[in-house]
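Thanks for coming, everyone. Have a look at the model on the screen, and then I will walk you through it.

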Amino acid sequence: QVQLVESGGGLVQPGGSLRLSCAASGSIFSINAMGWYRQAPGKERELVVRVTNGGNTYYADSAKGRFTISRDNAKNTVSLQMNSLKPEDTAVYYCYAVIMPYSGPDRVYWGQGTQVTVSS
């Protein structure tokens, strides 16, 4: 079994910063992509940022220049540093990972979600 456990999040004023972290554990042979989606009230879940095991990154336009993803392949962790936060960044943020098990096909796993609220 595989688990993704998130930490971080919370309430921050506009212009502030937060750091989210996510750790994968369990029966993992390797991890392909890791990243973060978010879902705001009344909206669909959207991809914010991802990083491959080779270090290639993708940032949504809304995240470029403000968010930075980092990954530790040895520890199976990924972090998201969010700066210059705006009220429109308010959402539940979900960590995800595309995991190759020791046997069977790759599978996507999700964290439990963490609330980020940007408000004065």
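Over which ring does the charged end of R45 sit, 4.8 Å from its centre? The ring of W110. A charge sits over a ring here if NZ of Lys or CZ of Arg is within 6 Å of the ring centre and within 35 degrees of the ring normal. The charged end of R45 also sits over the ring of Y94, 3.8 Å from its centre.

Ground rules before I go on. This is a predicted model, where local features need pLDDT of at least 70 and side-chain atom pairs count only at pLDDT 80 or more, while totals for chains, interfaces and linings use all residues. Residues are numbered from 1 along each chain as its sequence is written, and side-chain values use heavy atoms, with hydrogens and water left out.

Now the rings. The structure holds four aromatic pairs. Rings of Phe, Tyr and Trp (its six-membered ring) pair if their centres lie within 6.5 Å; planes under 30 degrees apart are stacked, over 60 edge-to-face, and the rest tilted. One of the pairs is F29 with Y102, edge-to-face, at 5.6 Å centre to centre and 70 degrees between the planes. F29 lies in the loop between β3 and β4, and Y102 in the loop between β9 (91-100) and β10 (107-110), so this pair ties together parts 73 residues apart in sequence. Strands are DSSP runs of E, at least two residues, numbered from the N terminus. Buried or exposed? F29 is exposed at 52% relative accessible area, and Y102 is exposed at 59%. The cut-offs: buried is under 20%, exposed is over 50%, partly exposed is in between, with a 1.4 Å probe and protein chains only.

Next, Y37 and W110. Their ring centres are 5.3 Å apart and their planes at 65 degrees, so the pair is edge-to-face. Y37 lies in strand β4 and W110 in strand β10, so here too the pair ties together parts 73 residues apart in sequence. Y37 is partly exposed at 23%, and W110 is partly exposed at 36%. Ring pairs link Y37, Y96 and W110 into a cluster.

Stay on β4. Strand β4 (residues 30-39) runs antiparallel to β5 (residues 46-51), joined by five bridges. Two strands pair if DSSP finds at least two bridges between them. The bridge partner of Y37 in β5 is L47. β4 and β5 form a hairpin with six residues between them, and G42 in the turn has a positive phi of about 75 degrees. Three bridges then join β5 to β6 (residues 57-59), again antiparallel. V51 stands opposite T57 there. That hairpin has five residues between its strands, and G55 takes a positive phi near 95 degrees.

R38 is buried, with a relative accessible area of 6%. Its side chain makes polar contacts with the side chains of S62, at 3.3 Å, and Y93, at 2.9 Å. A polar contact is a pair of N or O atoms within 3.5 Å; within protein, one must be able to donate a hydrogen and the other to accept it, and residues adjacent in sequence count only if both atoms are side-chain atoms. R38 and A91 are 53 residues apart in sequence but 5.9 Å apart in space, C-alpha to C-alpha.

Last, the open sheet. Its four strands have the order β1-β3-β8-β7, with antiparallel pairing. β1 (2-7) and β7 (67-72) stand at the edges with a single partner each, so one side of each is left without a neighbour in the sheet.
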